[in-house]
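Thank you for making time this morning. I would like to walk through one structure with you, beginning with the whole chain and then moving to some local details.

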Amino acid sequence: MTLTAPAIFAAPVAVNRLTADDDLFLKLHSLYGNALVNQLAWRFDEPVDPELLARFHAQLAQGFLARRVRPTRVPFARPYWLPATESLPLGWDSVPVADDEILDWYFAQSRVDFDPATGQVWRLSAVATTAGGTLVSLVTSHVASDGGAVLFAVGDALARLDESPDCATGSGQLVGTLPRNSLSANIIDAGRQLRAVAKGVRAAIATRGVTEPDRNLRPSLPELRLPAQWSPADTVVQLDLAEWNAAATQHSGTTNGLLIALGAGILGRSGRVGDTADIRVDIPHSMRTPDDPRANATTGLPISVTYRTGERVDLAAIRSAVKRAATAYRDPATTPALQHLQPLQMILPRFVLRHFARTAKAPECLCTNLGETASGVADFAGHQACAVLMRPVVCTNDTAMFRQVEVGVNLSFSTDGHTVTLAVTGADPDRFPTRAALRELLSAEFESWGLTPRFW
């Protein structure tokens with residue numbers, strides 16, 4: 001991503017309807033609030049002028065993230081995106097943060113109330129460090145943006161720091177506008193949605209024999225004595241990319257395969273699964289294209305990975321599993337039935353979703369490879385971040401809820417071409433009760449691969 005000059009976009013998007021993923025995240029937001037948010041964060045070794053961050057905030061407020069949901073009254077017609085009418089102000093904490101408080105400060109930024117109806121779906125905040133540097137956090141609602149959308153919006157905003165904020169010339173023009181005839185447009189969209197539902201149901205019936213990898217039942221014991229509200233254990237670690245790739249190559253694997261193996265290994269070491277268990281690993285994959293107006297343009301690829309106590313996970317087997325799954329999901333005839341039912345999901349009323357939500361489960365192992373994204377958003381008008389972090393944040397919630405939805409581990413990988421930044425969250429309260437417990441398991445797993453971690 002080049003940030004030397006503002007991008008020139010195609011014609012503005014007329015009507016930008018919510019995708020199935022947007023709709024699902026919107027409904028989940030109405031049920032659970034901000035249970036999960038995305039965070040893009042920077043560490044600077046030097047002070048960053050608040051005025052520079054104010055200019056950055058002003059650009060974001062007119063850019064791709066600045067969108068709100070406009071509902072429709074026509075049954076089955078999809079809501080659409082319009083430019084936001086409000087944004088949360090730039091936050092600047094007055095008390096500097098020490099090195100051993102950095103992770104806690106980043107996590108604290110997830111405590112925010114988003115409102116998709118007004119466009120308050122992101123928050124930029126910053127604080128000085130006691131060492132003379134600056135921490136910056138951009139927290140976003142998954143309703144309005146996936147990781148690719150955030151990177152696109154941030155890249156455009158940084159490229160326009162010396163320009164006047166204007167949603168008509170920057171990435172904000174891709175958000176969407178009102179249809180010329182709302183009633184007619186919504187009736188037409190409702191008809192299209194009903195046809196999509198019928199097509200999806202037929203495809204689901206045709207592929208009813210196609211299955212996805214099973215997930216493991218969460219052991220009910222041990223159940224630790226924990227407070228009613230719990231914050232998942234999180235940590236960030238940096239490693240040399242050359243060392244990472246060398247370890248992957250040595251064991252007949254890939255960069256992505258090693259990430260998946262680490263996730264499965266941590267889950268196994270924690271006792272969440274037993275010896276020879278087949279772990280379901282979900283791998284997000286971006287479908288974003290240039291000038292893509294979608295808030296969420298990500299699909300998931302599930303694979304099965306075998307864990308064996310005392311052994312490294314087989315990287316060659318992971319490579320084969322990823323190839324098989326990628327091939328299967330490219331063909332509608334071999335895509336699991338549930339994937340075809342997304343149009344049906346969009347027209348289900350909220351009370352039906354609430355019923356299904358009671359038994360819904362979270363991924364037991366989620367591994368996101370963002371690739372070499374850090375270098376494209378690391379420069380703030382000449383201020384080069386020493387580290388860039390991108391991750392999902394599982395927010396503080398009821399301990400019983402984490403047990404009920406059976407959350408496991410989340411890993412998020414990014415690199416600047418030299419250094420790997422790995423964010424890890426252990427959200428099973430009885431296997432990862434504290435950050436120290438998570439770090440101990442990670443250290444053992446890194447050692448088994450000959451990797452040298454540097455924990456934040």
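Predicted model: local features only at pLDDT ≥ 70, side-chain atom pairs only at ≥ 80, totals over all residues.

The protein chain has 13 helices and 18 strands, and its C-alpha trace spans about 65 × 60 × 45 Å along the principal axes. For 456 residues, a compact globule would have a radius of gyration near 23 Å, and the 22 Å of this protein chain agrees with that. Of the 456 residues, 51% count as buried. If we take the contacts between residues at least 6 apart in sequence, 81% of them join residues at least 24 apart.

Let me turn to helix 2, which covers residues 50-60. Which of its residues are buried? They are Leu52, Leu53, Phe56, His57, Gln59 and Leu60. Seen down the axis of helix 2, these buried residues fall within an arc of 160°, so they line one face of the helix. At the N-terminal end, helix 2 is capped by aspartate 49, which places a side-chain oxygen 2.9 Å from the backbone nitrogen of glutamate 51.

My last stop is threonine 399, found in helix 12, which comprises residues 399-405. Is threonine 399 buried or exposed? With a relative accessible area of 4%, threonine 399 is buried, since the cut-off for that word is under 20%. Leaving aside neighbours within four places in sequence, threonine 399 is in contact with Leu226, Pro227, Ala228, Gln229, Trp230 and Pro429.

Key:
Residues numbered from 1 in each chain as written. Heavy atoms only, no water. Buried < 20%, exposed > 50% of the residue type's maximum accessible area, 1.4 Å probe, protein only. Helix = DSSP H or I, 4+ residues; strand = E, 2+ residues; numbered from the N terminus. Arc of directions from axis to C-beta. Polar contact = N/O pair within 3.5 Å; in protein donor to acceptor, adjacent residues only side chain to side chain. Contact = heavy atoms within 4.5 Å. Rg over C-alpha atoms; globule rule 2.2 N^0.38 Å.
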